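Take a look at it first, then read on.

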Amino acid sequence: MELPTQVKLQIHDIANVLLIHVAGRVDPITSKNFQDLLLPLLHGCTGETRKVLLDLSGVHYMNSTGLRVLMLALRQCQKQQGEIVLAALQPFLQDVFKITRFDTLFQVFATVQEALGHLSPTAASAYDAAA
């Protein structure tokens with residue numbers, strides 16, 4: 001069995017929220033690709049203008065190299081006075097977040113809808129209408 005060498009991102013602009021669906025395995029082989037794809041997307045993550053939601057429902061594995069990329073993303077958004085939240089973590093990733101205490105660094109929501117409701121009622125309505 002061949003392991004994937006890339007992480008895939010699907011990007012959706014919904015009102016003032018950039019919804020990024022992350023899919024794949026984030027490990028030492030793929031984390032550089034993940035970082036190179038994700039961080040440039042966060043340049044507009046500023047205040048109320050643009051908020052970021054990472055949908056991690058498609059992430060099947062993540063180790064410390066992936067957590068490092070998430071930490072870089074958080075720092076970048078905070079530096080720009082922006083907001084980034086996470087949603088739909090697989091059970092194994094929920095465990096990793098608890099063990100590493102990343103659940104105290106990030107706001108984590110059970111579903112994309114719940115996260116959108118927190119970030120922007122306008123985005124949540126638009127997402128519901130599109131679904």
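Let's start with the cysteines: a search of the whole structure finds zero disulfides, a disulfide being a pair of cysteine sulfur atoms within 2.5 Å. C45 is buried, at 0% relative accessible area, and C77 is buried too, at 1%. Here buried means under 20% relative accessible area, exposed means over 50%, and partly exposed lies in between (1.4 Å probe, protein chains only).

Keep in mind that this is a predicted model, where local features need pLDDT of at least 70, side-chain atom pairs count only at pLDDT 80 or more, and totals for chains, interfaces and linings use all residues. Residues are numbered from 1 along each chain as its sequence is written, and side-chain values use heavy atoms, with hydrogens and water left out.

- Five strands make an open sheet in the order 1-2-3-4-5, with mixed pairing. Strand 1 (8-14) and strand 5 (108-109) are the edge strands, and each pairs on one side only.
- A word on terms: helices (H or I, at least four residues) and strands (E, at least two) are DSSP runs numbered from the N terminus, and two strands pair if DSSP finds at least two bridges between them.
- In general, strands of a sheet pair through backbone hydrogen bonds, either parallel or antiparallel.
- Strands 1 and 2 go the antiparallel way, over seven bridges, and L9 sits opposite V22 in strand 2.
- Strand 4 (residues 84-87) and strand 5 run parallel and are joined by two bridges; A87 has F109 in strand 5 as its bridge partner.
- Helix 3 (residues 91-100) packs on the sheet and touches strand 3 (51-62), strand 4 and strand 5, its direction making about 110 degrees with that of strand 3. Contact means heavy atoms within 4.5 Å, while axes are lines fitted to C-alpha atoms (for helices, over the stretch in contact) and angles run from 0 to 180 degrees between N-to-C directions.

**Helix 2**

- Helix 2 (residues 64-79) has 16 residues and spans 22 Å from its first C-alpha to its last, close to the expected 22 Å. That expected span is 1.5 Å times one less than the number of residues.
- Its buried residues are G66, L67, V69, L70, M71, A73, L74, Q76 and C77. Their cover includes strand 2, helix 1 (31-38), strand 3, strand 4 and helix 3.

**Two positive phi values**

- Most residues other than glycine have a negative phi.
- A15 is not a glycine, yet it has a positive phi of about 55 degrees. It lies in the turn of the hairpin that strand 1 and strand 2 form with two residues between them, and it is partly exposed at 48%.
- Q81 isn't a glycine either, and its phi is positive at about 60 degrees. You'll find Q81 in the loop between helix 2 and strand 4, where it counts as exposed at 60%.

**Two buried residues to look up**

- H21 is in strand 2 (residues 17-26) and is buried at 18%. A polar contact of 2.9 Å links its side chain to that of D55; such a contact is a pair of N or O atoms within 3.5 Å, where within protein one must be able to donate a hydrogen and the other to accept it, and residues adjacent in sequence count only if both atoms are side-chain atoms.
- L119 belongs to helix 4 (residues 112-119) and is buried at 4%. L119 and N16 are 103 residues apart in sequence, but 8.8 Å apart in space, C-alpha to C-alpha.
- Beyond neighbours within four places in sequence, the contacts of L119 are V17, K51, V52, L53, E83 and V85.
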